[in-house]
Amino acid sequence: MAQHKVNYTQNGGLPIALTSVDKIVNWGRSNSLWALTYGLACCGIEMMASGASRYDFDRFGTIFRASPRQADVMIVAGTLTKKHAEFIKRLYDQMTEPRWVISMGSCANTGGMFNTYATVQGVDRIIPVDLYLPGCAPRPETLQYGVMLLQKKIRANHASKAQKAKRLM
Amino acid sequence: MRAYTPKDNVQAKPYYTDRFYKSPQVAKFAPQSDEVFNADLEAIKAKFDVLDAFIQVEQLVVYINAKDNYGVLELLKDELEYTQLSEMSAIDWLADRGGFEVFYQMLSMNKRKRIRIKLFIEDGQAVNSVEKLFRSADWSEREMFDMFGIEANGHPFMKRILMPYDWQGNPLLKTYPLQGDEFAALYEVDKIYGKEAREEIGPEIRDTARVDRYDSDRFSRLGHEVPKGTEITGNEPANEQSYQEDGGVFLIKKFDKESSVIIDDPQR
Amino acid sequence: MAQIKNRLTPFFENITFDRDDNELILNFGPQHPSSHGQLRLMLHLQQEQIVKAHPDIGYLHRGMEKMAENMIYNEFMPTTDRMDYIASSSNNYGFALSVEKLIGLEVPRRAKVIRMMLLEINRLMSHLFWLATTALDIGAMTVFLYAFREREYLMDIIEGYCGARLTHAAIRIGGVPLDIQDSFISQLKDFLDKLPANIKDYEDLLDTNRIWLMRMEEVGIVSKEMALSWGCTGPMLRASGVQWDIRKEEPYELYDEVEFNVPWSDKGDNFARYRLYMQEMRESAKILYQTIDMYQECVKNGDTKLMAHAPKYVSAPKLDIMTQNYSLMQHFVLVTQGMRPPVGEVYVATESPKGELGFFINSQGGPYPYRLKLRTPSFWHTGILTDLLPGHYIPDVVSIIGTTNIVFGEVDR
């Protein structure tokens with residue numbers, strides 16, 4: 001168990017921090033970003049690696065959930081094909097708001113090297129994307145940096161207001 | 001209606017070929033040069049017509065009539081110990097010869113030999129399914145049907161396997177462009193959002209060399225992003241990327257570069 | 001946020017659930033944490049027992065064969081990385097070898113040794129990854145964390161060599177582009193010295209674990225006839241009683257010079273496959289020790305060539321390109337127009353970690369292959385689920401998919 005030191009001289013001697021509702025809600029949201037396991041291709045392996053022992057994603061409060069109902073952020077890791085496209089839309093619609101999408105890797109961003117008949121040229125044709133991570137495949141560090149940027153983005157929002165509708169590309 | 005463009009000449013072409021260039025051939029040897037292959041070939045010849053046979057890159061290639069494919073594979077499996085069908089597919093020769101070449105790649109583990117059975121079929125002709133002999137042909141034939149449109153007679157479930165069931169066109173034909181035809185271009189948009197959304201979502205960007213340095217959607221100008229729709233002057237102030245706000249974050253310790261330890265040895 | 005309108009109908013609209021025969025249809029995937037990618041299974045169930053299974057693939061079909069027909073040979077090399085992305089170098093190697101066989105190239109010995117090192121490191125990486133994910137699917141989280149830890153060491157070694165963790169593109173047609181870095185051998189030796197203890201750790205955790213045994217033993221039995229008929233190769237075939245390893249039977253590279261055993265079993269169940277993977281890791285380590293010796297011998301003999309000398313097909317070394325006019329011209333032609341292999345056909349099979357990885361190339365003398373067929377083992381290892389799953393229960397599906405070791409980049413290509 002972590003030992004938390006309490007400064008009894010501050011805040012009237014109580015272990016209390018005063019803040020606004022916005023900040024506390026955003027603090028909670030940004031530090032428990034549960035991600036949907038959406039490993040589609042090679043990037044999915046790097047996503048697993050960032051969840052595994054060396055990179056340890058749990059430090060960020062990011063835990064992979066298999067159900068869209070329990071997930072806050074969808075990490076689209078890999079090539080999205082035209083056959084799969086309808087399922088990403090279904091899963092995105094099943095996620096509860098507020099929800100965010102990270103497009104991980106070149107294939108998810110723009111179609112990448114697979115400039116072919118079967119590949120969707122960027123997931124932003126199907127669902128709105130908050131963050132694009134470059135690389136083929138991006139390293140786990142990139143994904144972690146991306147999650148930190150997303151946390152910053154969440155903190156900048158007003159938690160009490162409804163999210164603005166995101167537009168497709 | 002969408003405008004369809006002719007697709008006879010859609011494959012990549014070498015942009016320059018020397019007029020006097022004559023490509024060499026991979027060496028072919030007579031089947032008699034290998035004892036095992038010769039015996040196998042004789043066994044096939046005893047029962048079926050063999051159009052051509054030679055050894056190329058350590059493997060025997062046998063050309064047979066299209067109607068004999070089941071019989072030859074049965075003979076190979078039951079009597080000549082070729083117990084595995086490693087691979088089967090087709091080659092598109094529609095432009096040159098008006099048909100397809102179907103090949104069956106067989107493996108004998110006892111003899112450590114590989115044979116390739118090849119046959120030629122006309123456009124629209126079906127092959128006999130060998131799914132009863134080798135279960136692996138079940139999926140291979142479906143893949144061949146999906147990619148070339150060649151049907152297999154007697155196959156239990158002749159449907160597309162790799163592409164969606166409602167797909168149009170056979171991708172591996174030489175008349176099918178690499179980047180898809182008109183149907184493929186907006187397939188997912190039509191399916192998910194309907195044809196009304198085509199305008200809004202727009203065409204696919206297929207030009208890999210396209211660089212738009214003022215595009216805020218993409219990351220071509222890292223650190224100089226501007227919101228979409230703003231007027232670009234070209235001298236926007238740099239927008240430094242940092243993952244924490246300057247004033248620190250509520251309840252979170254600010255990361256201090258000076259007090260951190262950098263691990264040089266990754267094997268530590 | 002307002003829902004963006006779409007016209008997707010409920011997915012099960014066309015399936016009748018209320019059937020007279022008490023059958024339930026369960027849809028598994030295409031996004032499922034234990035489907036190892038994008039496998040979709042339609043399972044017909046009687047109570048908990050599967051009576052009919054219908055695997056649906058193609059959710060990762062990216063059209064690689066079509067891409068190959070529109071690319072020069074060297075351009076296609078990085079694309080092969082994305083087939084079996086757990087062990088990229090083995091795909092690079094399979095493609096490089098088949099083109100070399102087509103044009104009749106002989107690769108220098110030092111390059112062969114480096115290639116063998118890369119191949120076996122990739123095999124270890126793939127098997128460790130297999131162990132990690134399968135154990136995770138069955139619930140053994142500790143093994144997942146342990147195996148990923150070891151895999152990261154190997155990734156560091158590979159990264160030091162080619163700069164990429166996952167998609168290596170480390171092998172070229174005609175050899176390898178680089179010599180191994182200085183720390184390669186020492187890092188590899190450190191790893192290999194620790195590996196037996198690590199494997200023992202996994203086995204201590206799993207071998208006598210009651211849950212593991214219940215999920216593995218006598219589950220997913222593939223008979224010899226079934227494995228042969230379905231075109232199974234690699235560990236799937238060897239677990240079913242056929243001792244067939246292409247490295248041993250049709251040796252390529254220097255596999256005929258190294259000593260190793262081909263483990264096999266006649267049980268054919270999940271547990272046999274698990275034991276086989278563990279044993280193969282030990283054999284790979286054995287091969288790697290021998291390749292280290294071979295490499296040091298090459299260094300001692302002053303054997304420095306890394307690329308074959310074939311000006312028609314392979315660019316000259318960088319130093320020559322920078323200093324000699326003819327080499328520069330040759331390089332320019334090879335990069336812009338591509339090599340033109342002779343007219344002919346070739347099918348070359350190599351033993352990738354998953355099984356027989358074959359490349360069928362039909363060349364018509366142009367810079368692009370006329371037809372390239374990728375024979376990937378996982379395609380048939382997925383197909384066998386049609387016949388394998390009926391009779392099993394729902395929890396067994398996960399462990400069977402796990403031990404077949406399918407990778408969807410390879411299945412759908």
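**Reading the sheets**

Reply: Let's begin with one residue pair: V61(B) has R116(B) in β6(B) as its bridge partner. This is a predicted model, where local features need pLDDT of at least 70, side-chain atom pairs count only at pLDDT 80 or more, and totals for chains, interfaces and linings use all residues. Residues are numbered from 1 along each chain as its sequence is written, chains are lettered from A and ligands numbered from 1 in the order in which they are written, and side-chain values use heavy atoms, leaving out hydrogens and water.

Me: How many bridges join β3 to β6 in chain B, and in which direction do they run?

Reply: Strands of a sheet pair through backbone hydrogen bonds, either parallel or antiparallel. Here strand β3 (residues 59-64) and strand β6 (residues 113-122) of chain B run parallel, joined by five bridges. Strands are DSSP runs (E, at least two residues), numbered from the N terminus, and two of them pair if DSSP finds at least two bridges between them.

Me: What is the strand order in the chain B sheet?

Reply: The open sheet has six strands in the order β1-β2-β3-β6-β5-β4 (chain B), with mixed pairing. β1 (28-29) and β4 (84-93) of chain B are at the edges with a single partner strand each, so one side of each has no neighbour in the sheet.

Me: Is β6 of chain C mostly covered or uncovered?

Reply: Buried means under 20% relative accessible area, exposed over 50%, and partly exposed in between (1.4 Å probe, protein chains only). In strand β6 (residues 371-375) of chain C, five of the five residues are buried, so to speak mostly covered. R371(C), K373(C) and R375(C) are buried on one side, L372(C) and L374(C) on the other.

Notes: Helices (H or I, at least four residues) and strands (E, at least two) are DSSP runs, numbered from the N terminus.
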